[in-house]
Amino acid sequence: MPHGPCTRPDQHLRPGFPGMPQAAMADRFDVLEAEALDRLSRDQEHIAGLHKRMRYLGVAIVTKAEGEINEMHIGLGGTMSALFLRQLAPKAHRGLEGRVKAGKSAGGISYGYRLDR
């Protein structure tokens, strides 16, 4: 199912994110600030689209880590974020597998059990 401009799965967890483009169109802000570009999104297509929309609306994207964002940040940063995500899943799986082999919980409480410290 295709995603609209603000319906990507990673966005619903970020308060205020879905209404941001509408607020930018209503001239409610002229600078979008973030800690780093990957805090807005790690999806290369999504961050490129966000940058394009904000630039069209005259809204600068500025991050603490990179400063004012330009096309170079979008291209290189998006690629690096995509690689990071691709490498993260197997590492997380190995870590959880190691915990289970050590007799520890891999997270969460199994159905029907309760925590007894």
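Modeller: Fine by me. Buried residues make up 23% of the 117 residues in the protein. Keep in mind that this is a predicted model.

Biologist: What is the order of the elements from the N terminus on?

Modeller: They run α-β-α-α-β-β-α, which comes to four helices and three strands.

Biologist: Let's take Thr63, in strand E2 (residues 60-63). Why is Thr63 called buried?

Modeller: Its relative accessible area is 4%, and the label needs a value under 20%. Since 4% is under that cut-off, Thr63 counts as buried.

Biologist: Which residues does Thr63 contact, leaving aside neighbours within four places in sequence?

Modeller: Ala34, Glu35, Ala36, Leu37 and Ile69.

Biologist: And what makes the Thr63 and Glu66 pair a polar contact?

Modeller: Their side chains are joined at 2.3 Å, and the limit for a pair of N or O atoms is 3.5 Å. The distance is within the limit, so the pair qualifies.

Biologist: On to charges. How many salt bridges are there?

Modeller: The count comes to three. One of them joins the side chains of Arg55 and Glu71.

Biologist: How do you know that Arg55 and Glu71 form a salt bridge?

Modeller: The N to O distance is 2.3 Å, and the rule asks for a Lys or Arg side-chain nitrogen within 4 Å of an Asp or Glu carboxyl oxygen. The pair meets that rule, so it gets the name. It also links distant parts of the chain, with Arg55 in helix H3 and Glu71 in helix H4 (residues 71-101), 16 residues apart.

Biologist: Why are Arg55 and Glu71 called partly exposed?

Modeller: Arg55 has a relative accessible area of 46%, and Glu71 is at 49%. Exposed means over 50% and buried means under 20%. Both values fall in between, so both residues are partly exposed.

Biologist: Now the inside. Which residues touch the most other members of the largest nonpolar core?

Modeller: Of its 14 residues, those are Leu32, Leu37, Leu40, Ile47, Leu50, Met54 and Ile61. Helix H1 (20-25), strand E1 (31-34), helix H2 (37-40) and helix H3 (44-56) each give two or more residues to this core. H3 gives the most, with three residues.

Biologist: What does Leu50 touch, not counting residues up to four places away in sequence?

Modeller: Phe17, Met20, Leu32, Leu40 and Ile61.

Biologist: And what share of contacts between residues at least 6 apart in sequence joins residues at least 24 apart?

Modeller: That share is 59%. As for the surface, the accessible area comes to about 8,700 Å², of which 57% belongs to carbon and sulfur atoms.

Technical notes. Residues are numbered from 1 along each chain as its sequence is written. This is a predicted model: local features need pLDDT of at least 70, side-chain atom pairs count only at pLDDT 80 or more; totals for chains, interfaces and linings use all residues. Side-chain values use heavy atoms; hydrogens and water are left out. A nonpolar core is a set of buried Ala, Val, Leu, Ile, Met, Phe, Trp, Tyr and Cys residues joined through side-chain atoms within 4.5 Å. Buried means under 20% relative accessible area, exposed over 50%, partly exposed in between (1.4 Å probe, protein chains only). Contact means heavy atoms within 4.5 Å. Accessible areas come from the Shrake-Rupley method with a 1.4 Å probe; for residues, only the protein chains shown count as cover. A polar contact is a pair of N or O atoms within 3.5 Å; within protein, one must be able to donate a hydrogen and the other to accept it, and residues adjacent in sequence count only if both atoms are side-chain atoms.
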